[in-house]
Amino acid sequence: MKNHTLTHLKELESESIFVLRELAAQFEKPALLFSGGKDSIVCFHLARKAFAPSKIPFPLVHVDTGHNFEETITFRDELAKKYGAQLIVGSVQQSIDEGKAIEEKGFSASRNILQTVTLLETIEKYKFDACIGGARRDEEKARAKERFFSHRDEFGQWDPKNQRPELWNLFNGRKHVAEHFRIFPISNWTEMDVWQYILQENIEIPSIYFTHERECFVRDGVIYAHSHVIPLKPNEKVEKMQVRFRTIGDISCTGAVLSKATTLEEIVEEVASTRVTERGSRIDDKRSEAAMEDRKKAGYF
Amino acid sequence: MTEFSTAGYLTMDLLRFTTAGSVDDGKSTLIGRLLYDSKSIFEDQYEAIRATSEKRGEEYVNLALLTDGLRAEREQGITIDVAYRYFATPKRKFIIADTPGHIQYTRNMVTGASSANAAIILIDARKGVIEQTMRHTYIASLLRIPHLIVCVNKMDLVEYKEDVFKKIKNDYTAFANKLEINDVHFLPISALKGDNVVEASKNMDWYKGNTLMYLLENIKIENDINHSDARFPVQYVIRPMSTEHHDYRGYAGRIAAGVFKKGDAITVLPSGHASKIKSIDLLDNSLEEAFAPMSVTFTLENEIDISRGDMIVKTDNQPEVTQEIDVMICWLAEKQLHVNGKYSLKHTTKDVRCIIKEIQYKININTLEKVEDDKNITLNDIARISIKTTSPIVVDKYSKNRNTGSIILIDEATNITVGAGMII
């Protein structure tokens with residue numbers, strides 16, 4: 001008899017496609033939260049597989065902090081154009097200008113937390129009832145307890161103590177008016193799975209994931225990209241470094257790593273030998289032990 | 001990680017397991033040990049728990065801290081919910097459903113068990129088989145977890161004595177013989193000291209069996225899925241409405257069991273319409289065959305009316321189409337189950353309404369006796385009930401197929417999932 005066992009990557013792919021199709025069947029107005037980072041790119045690729053030969057049946061939504069890497073924005077626009085996907089951009093700058101969000105001050109000011117305001121506003125404006133996110137359970141301890149179908153109340157809040165049990169392949173997306181869901185199709189993937197999949201499927205990713213020369217400076221052991229977004233302290237000095245980014249977020253909260261990786265194969269090898277967590281270079285998680293938990297409860301991704 | 005190779009990674013399979021133990025059985029330590037000894041722990045994570053252990057004045061680096069969860073949990077010193085953990089060895093990728101031992105044990109364990117290939121049941125060597133052990137074993141057998149691994153933990157605290165292990169093994173076997181369990185393994189371990197977890201123990205030369213990691217890496221899982229009864233619940237209908245794919249009508253779904261091939265004679269249930277599989281698609285690929293648990297899209301030779309909730313099966317092997325089912329139900333909510341109560345029922349991709357016709361008996365989860373005069377079904381209770389649905393559903397027995405034999409019940413007022421049922 002033939003071997004009818006899937007490899008773990010194929011099984012994860014199949015599970016994620018199943019989740020995306022459940023979403024499309026159970027919700028009226030879904031959207032894919034698209035940051036231009038590798039996890040949301042994988043979600044987009046999976047969505048293409050799930051609905052081919054149709055176009056994906058939901059728009060891409062980007063919450064733009066205004067502090068994004070230029071390369072990410074270019075990539076986002078080109079991807080949407082290439083596949084004929086609708087792109088909606090929610091602007092944190094606009095939320096600030098309208099007085100709905102207040103900019104943080106000081107050397108470590110970041111717009112990361114402000115994203116929640118713009119995200120919830122965008123959800124309300126377009127009446128989205130489910131937003132797909134590329135969050136993975138292996139990233140962080142609050143995320144380890146997330147569901148595939150994560151219920152949010154009318155304020156967008158997550159209640160970790162009161163989640164719906166998820167059994168077998170049965171996802172309960174029922175909700176009351178004004179409530180919505182966050183859907184996490186790649187919950188069960190690890191950072192390594194994502195990179196292996198990108199390699200296996202030959203998925204395009206933004207150039208800053210590969211090594212490049214960039215003006216950087218070091219603060220508290222983290223390598224930052226030098227830009228107008230982060231003011232330098234007097235003792236900090238800018239130098240050219242050979243770096244790449246392991247995750248892509250806001251310039252103000254994404255650290256770079258020294259790297260020589262120029263190909264996907266080399267990135268995979270680097271990920272395999274690295275001994276520090278991916279979110280170790282995310283300054284947004286370092287604010288307190290429960291930083292992610294608090295942001296999620298407030299309606300963050 | 002030194003043995004890492006991309007080629008190897010791409011051929012690994014996936015084992016999902018759940019861990020069950022009562023409070024202080026050393027479950028967190030065991031998971032921490034598996035993560036640490038498989039080198040799945042990053043330096044920054046290890047440094048953080050080392051610092052915390054030192055601050056608390058603990059003698060060892062407390063590996064249990066690796067599974068520490070939410071702030072609310074740390075504050076209350078309890079685990080609230082199922083947490084998922086991941087690790088990989090050169091042979092396999094693993095997903096652990098880490099379920100809390102104490103409060104809401106049944107609800108959480110049932111959730112973790114529903115998709116597991118294997119369950120690790122922990123027993124404290126000093127305490128032996130206790131009520132909790134029996135409950136966990138019962139749930140594992142009820143949910144039909146294909147493989148059980150019974151770990152007698154804390155062997156270091158009983159001087160690694162063989163007779164302690166043997167007695168526990170005998171006690172457990174006597175109990176487990178009453179249940180339907182196919183594959184059970186016993187191991188003497190110390191999660192704290194690392195005996196027989198990843199490294200073979202130097203303290204128990206009387207034990208000739210494998211280590212826990214060896215078992216996890218080598219348990220055969222290909223037969224955990226039903227390969228004979230082909231079932232395809234239609235999840236979503238794909239109609240591109242574009243010039244290029246003007247007449248394309250694809251039925252998207254995840255194969256719940258068995259194998260489908262191009263050209264297979266199929267029947268759509270409950271309607272009974274027949275056709276043949278014209279193509280099996282996945283993005284730019286057309287496949288000759290597809291099997292569980294693949295997500296694919298079928299196109300058919302004839303144009304027939306098919307929508308979400310229908311099931312495509314092979315014509316020569318059909319499941320039951322019915323409006324009346326008996327299920328073993330695990331109740332997941334504080335609010336009681338009501339006879340004559342109406343609920344929303346989810347089965348594969350089908351949503352129907354249903355009414356509870358009868359509560360036949362409740363299971364006393366400690367003695368496994370059927371209690372017929374207690375119809376009071378509340379959180380964590382398990383009972384046999386009869387249900388009638390408003391329209392037909394296409395079912396197999398849970399013992400034959402976990403995917404087409406399972407249901408959930410949803411409270412229509414609160415929208416909360418209140419029951420998990422296995423069709424008898």
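In this predicted model, 70 residues of chain A are in contact with 85 residues of chain B. Together the two chains bury an area of about 6900 Å², and carbon and sulfur atoms give 57% of that area. Across this interface, 29 residue pairs are in polar contact, with both residues at pLDDT 80 or more. On the side of chain A that touches chain B, at least two residues each come from α1 (8-26), α2 (38-51), α6 (191-201), α7 (264-273) and α8 (291-298). The largest share, 14 residues, belongs to α1(A). By type, the residues on this side of chain A are 28 nonpolar, 19 polar and 23 charged.

Charged pairs also cross the interface. Side chains of opposite charge can pair when their charged atoms come close. Between chain A and chain B there are four salt bridges. B:R16 and A:E11 form a salt bridge, with 3.2 Å between the closest N and O atoms.

Chain A itself has eight helices and ten strands. Of its 301 residues, 63% are buried. Among the contacts in chain A with a separation of 6 or more, 73% are between residues 24 or more positions apart. The helix α6(A) is largely enclosed by the rest of the structure, because ten of its eleven residues are buried. Those buried residues include A:M192, A:V194, A:W195, A:Y197, A:I198 and A:L199, and also the charged residues A:E191, A:D193 and A:E201. After α6(A) comes A:N202, which has a positive phi near 55°.

Chain B has eight helices and 23 strands. Along the principal axes, the C-alpha atoms of chain B fill a box of roughly 70 × 60 × 40 Å. Buried residues account for 58% of the chain. Of the contacts in chain B between residues at least 6 apart in sequence, 70% join residues at least 24 apart.

One residue of chain B shows such packing in detail. B:T18 lies in strand β1 (residues 13-20) of chain B. Its relative accessible area is 1%, so B:T18 is buried. The side chain of B:T18 reaches the backbone oxygen of B:A97 at 3.2 Å. Leaving aside residues up to four places away in sequence, B:T18 touches several others, among them B:A97, B:T99, B:G112, B:A113, B:I120 and B:I145.

Over all chains, the structure holds 43 salt bridges. In one of them, A:D129 pairs with A:K175, the closest N and O atoms being 3.8 Å apart. This pair links distant parts of the chain: A:D129 is in the loop between α5 (115-126) and β4 (130-132), A:K175 is in the loop between β5 (149-152) and β6 (180-183), and the two are 46 residues apart. A:D129 counts as buried at 10% relative accessibility, whereas A:K175 counts as partly exposed at 28%.

Another salt bridge in chain A joins A:R143 and A:E139, with the closest N and O atoms 3.0 Å apart. Here A:R143 is buried at 6% relative accessibility, and A:E139 is buried at 13%. A network of salt bridges links A:K38, A:D39, A:R136 and A:D138.

In chain B, B:D374 forms a salt bridge with B:K362, and the closest N and O atoms are 2.9 Å apart. B:D374 is in the loop between β20 (370-371) and β21 (382-395), while B:K362 is in strand β19 (residues 350-363), twelve residues apart. B:D374 is partly exposed at 25% relative accessibility, and B:K362 is buried at 13%.

Conventions: Residues are numbered from 1 along each chain as its sequence is written. Chains are lettered from A and ligands numbered from 1 in the order in which they are written. Side-chain values use heavy atoms; hydrogens and water are left out. Contact means heavy atoms within 4.5 Å. Buried area is the accessible area (1.4 Å probe) that two parts lose on being put together, summed over both. A salt bridge is a side-chain nitrogen of Lys or Arg within 4 Å of a carboxyl oxygen of Asp or Glu. A polar contact is a pair of N or O atoms within 3.5 Å; within protein, one must be able to donate a hydrogen and the other to accept it, and residues adjacent in sequence count only if both atoms are side-chain atoms. Helices (H or I, at least four residues) and strands (E, at least two) are DSSP runs, numbered from the N terminus. Buried means under 20% relative accessible area, exposed over 50%, partly exposed in between (1.4 Å probe, protein chains only).
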